[in-house]
Amino acid sequence: MRISERVSTGLKLFLGIWMSGVLVAAFLYAPPALGLGEASRVIYFHIPVAWVAVLAFLVSMVSAIQYLRTRETTYDDRANVAAQLGFLFCLLATVTGSIFARITWGSFWNWDPRETSIFILLLIYAAYFALRTAVEDDERRARLAAVYSIIAFLTVPFLVFVVPRIYFSLHPEAAFLSKTGGLTMNRKMLQVFLGSLAGFTGIFVWLYRLQLSITRWQHRLFYKEE
């Protein structure tokens, strides 16, 4: 086994152990948040996956800009893969948020501003994938998708950070955020939260590299068949 493969295997093993530790700590080490009880443990997963979704959409937009500048298909692949993972993590954020809503409000879906805005975001990126499948010409598809990716990301900060704060929301922030936006978690809660944030970011990097590798092999097989 080559050194690079050993390092890669070691990092994957470390990531698996890290996330196992986060899972255990979220339920056995960190105390429940005041006013939210045991339901607050969902937030150790909900916020990190939402963060990764935003990060992935940002990577997609940056890669799209690079494609328009260089016209290199590698950047189109990166934009597409990042958008796919962003959609996946956005969906996970929706599911974990719905679980929290069921526990605290008695219903999985309440059309709360945060729920509504994330639903709209899912629709926006679903349209991105629909666009990619609707255009057959590779170069035209990549160009249109790049432009759409840039425009789509412009809605992300607005839908994720602005809209939920403009309108009244059932979403609980007081247990974790001060009025100035600073974290109010105690030491144990903050440790688990940051550990989860780092772990899910690592999962995104691993999945991103893995999917890019799969995409490249698909291209090679396609061109061989031609």
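Where does Arg-71 lie? Arg-71 sits in the loop between helix 2 and helix 3, where helices are DSSP runs of H or I with at least four residues, numbered from the N terminus.

## Ground rules

This is a predicted model, so local features need pLDDT of at least 70 and side-chain atom pairs count only at pLDDT 80 or more, while totals for chains, interfaces and linings use all residues. Residues are numbered from 1 along each chain as its sequence is written, and side-chain values use heavy atoms, with hydrogens and water left out.

## Helix 2 against helix 3

Two packed helices are described by the angle between their axes and the distance between the axes. Here, helix 2 (residues 43-70) and helix 3 (residues 73-105) have axes that come within 7 Å and cross at roughly 160 degrees. Those axes are lines fitted to C-alpha atoms over the stretch in contact, with angles running from 0 to 180 degrees between N-to-C directions. That makes helix 2 roughly antiparallel to helix 3, a label for angles over 145 degrees.

The crossing of the pair is left-handed, meaning the near helix is turned anticlockwise from the far one by less than a right angle. The contact of helix 2 with helix 3 takes in 21 nonpolar residues, nine polar and two charged.

## Buried spots

Ser-63 belongs to helix 2 and is buried, at 6% relative accessible area; buried means under 20%, exposed over 50% and partly exposed in between, using a 1.4 Å probe and protein chains only. Setting aside neighbours within four places in sequence, Ser-63 touches Tyr-75, Arg-78, Ala-79 and Tyr-208, with contact meaning heavy atoms within 4.5 Å.

Val-42, in the loop between helix 1 (3-28) and helix 2, is buried too, at 16%. Beyond neighbours within four places in sequence, Val-42 is in contact with Thr-96, Ile-99 and Phe-100. Val-42 and Ile-99 are 57 residues apart along the chain, yet their C-alpha atoms are separated by 7.9 Å. Over in helix 4 (residues 113-134), Pro-113 is buried at 17%, and its C-alpha is 9.2 Å from that of Leu-159, 46 residues away in sequence.

## Positive phi in the loops

Back to Arg-71: its phi is near 60 degrees, a positive value in a residue other than glycine. At 40% relative accessibility, Arg-71 is partly exposed.

Trp-111, in the loop between helix 3 and helix 4, also isn't a glycine and has a positive phi of about 55 degrees. Trp-111 counts as exposed, at 52% relative accessibility.

How values were computed
Helix = DSSP H or I, 4+ residues; strand = E, 2+ residues; numbered from the N terminus. Parallel < 35°, antiparallel > 145°, perpendicular 65-115°, else oblique. Nonpolar A, V, L, I, M, F, W, Y, C, P; charged D, E, K, R; others polar.
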